[in-house]
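The sequence and structure come first.

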Amino acid sequence: MKYIKNHMAIAAMCVSLHAVAQMPTDAIYMPRKTACVALIYGKSHWNQYWENTLKRDNLNIGTHTTQSVMLMPAIGITNRFNLILSLPYVWTQTSAGNLMGQKGIQDLAGWLKYKAVSVGGFSLNALAGASIPVSNYVPDFLPMSIGLQSRTVTGRLLANYTHRQTGLYLTGHGSYMWRSNIRIDRDAYQADNRIYYTSEVRVPNAVDMGVRIGILRSKWQTELWAERFACTGGDNIRRNDMPFPTNNMQATSVGWYAKIQPKNIGLNARIGYVTNGLNVGQSTSYMLGLLYQINGK
């Protein structure tokens with residue numbers, strides 16, 4: 001019997017006074033003394049996955065499902081400098097077999113976003129992010145684990161061009177993620193075709209990149225997107241074995257996003273699909289969010 005971790009990305013967006021979205025993958029900013037609170041529900045499921053490069057299914061799992069509810073405030077410190085926070089509650093389950101699903105609060109994450117260059121419709125933005133686990137969930141029970149228990153630091157550079165008359169925009173970003181080692185509840189484990197007699201596990205660092213094209217108006221937004229996530233090292237899932245935090249997980253995803261917000265309250269939605277990967281599930285993901293704008297004095 002074998003298993004695979006689902007690499008699930010939950011996107012959350014917030015709005016400004018003119019109902020524009022804001023997240024760590026766009027060039028949109030909350031104005032000074034303005035905040036947005038988003039309540040996001042996400043769901044991702046798969047029944048096929050890549051064991052190394054071999055794509056297969058597992059009747060002992062059936063369909064694997066990850067769900068989450070996330071609170072995400074975005075705060076305008078200045079018009080060019082924003083703080084974004086997120087805290088998800090995650091739970092997992094399968095449609096077959098006897099693996100017990102896991103649930104709990106996952107990792108507290110934060111992003112600082114700064115508009116370094118702004119010329120006409122072009123902007124260059126620098127972002128720094130970090131996350132830390134906030135509960136004692138089990139990281140080495142994949143694919144049922146809700147996370148990896150690794151502390152992370154991420155640096156991102158984001159470029160954007162927006163045509164001011166039509167609202168048509170093109171955005172691209174690239175990131176590098178540093179991930180800390182973790183501790184597991186065992187004295188030895190197997191990885192990289194050898195046995196390590198320690199409870200400390202090295203989680204590989206990762207890179208991600210993405211491109212977005214869409215239209216942004218005062219009360220609505222829509223876009224198409226493509227993203228690539230890849231570890232910078234790691235091993236593969238062994239034949240008929242469970243995945244492990246040392247695995248080299250890679251995924252290419254495409255999808256669609258939309259938002260509508262005529263006033264302070266709005267809704268957004270996101271759909272994503274993994275087209276190809278390595279040591280990940282071929283997941284389809286959905287997100288639905290409720291947005292509330294808070295305007296300071």
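## Nonpolar cores

The largest nonpolar core has 17 residues, and those with the most contacts inside it are Ile184, Tyr189, Val201 and Met249. Two strands, β12 (189-191) and β16 (220-231), each supply at least two residues of this core. A second, separate core has 16 residues, including Cys36, Ile40, Leu158 and Trp225. A nonpolar core here is a set of buried Ala, Val, Leu, Ile, Met, Phe, Trp, Tyr and Cys residues joined through side-chain atoms within 4.5 Å. Buried means under 20% relative accessible area, exposed over 50%, and partly exposed in between (1.4 Å probe, protein chains only).

This is a predicted model, in which local features need pLDDT of at least 70 and side-chain atom pairs count only at pLDDT 80 or more, while totals for chains, interfaces and linings use all residues. Residues are numbered from 1 along each chain as its sequence is written, and side-chain values use heavy atoms, with hydrogens and water left out.

## Aromatic residues and charges

Not counting residues up to four places away in sequence, Tyr189 touches Ile184, Arg194, Ile195, Tyr196, Thr198, Glu200, Val201, Arg202 and Phe244; a contact means heavy atoms within 4.5 Å. Tyr189, Tyr196 and Phe244 form one aromatic cluster.

The whole structure holds six aromatic pairs. Rings of Phe, Tyr and Trp (its six-membered ring) pair if their centres lie within 6.5 Å; planes under 30 degrees apart count as stacked, over 60 as edge-to-face and the rest as tilted. Tyr89 is partly exposed, at 35% relative accessibility, and Trp91 is also partly exposed, at 24%.

| Charged residue | Ring | Distance from ring centre |
|---|---|---|
| Arg194 | Tyr196 | 4.2 Å |
| Arg270 | Trp225 | 3.8 Å |

## The chain as a whole

The protein chain has zero helices and 19 strands; helices (H or I, at least four residues) and strands (E, at least two) are DSSP runs, numbered from the N terminus. Along its principal axes the C-alpha trace spans about 60 × 35 × 30 Å. Of the 297 residues in the chain, 51% are buried. Among contacts between residues at least 6 apart in sequence, 64% join residues at least 24 apart.

Note on methods: A charge sits over a ring if NZ of Lys or CZ of Arg is within 6 Å of the ring centre and within 35 degrees of the ring normal.
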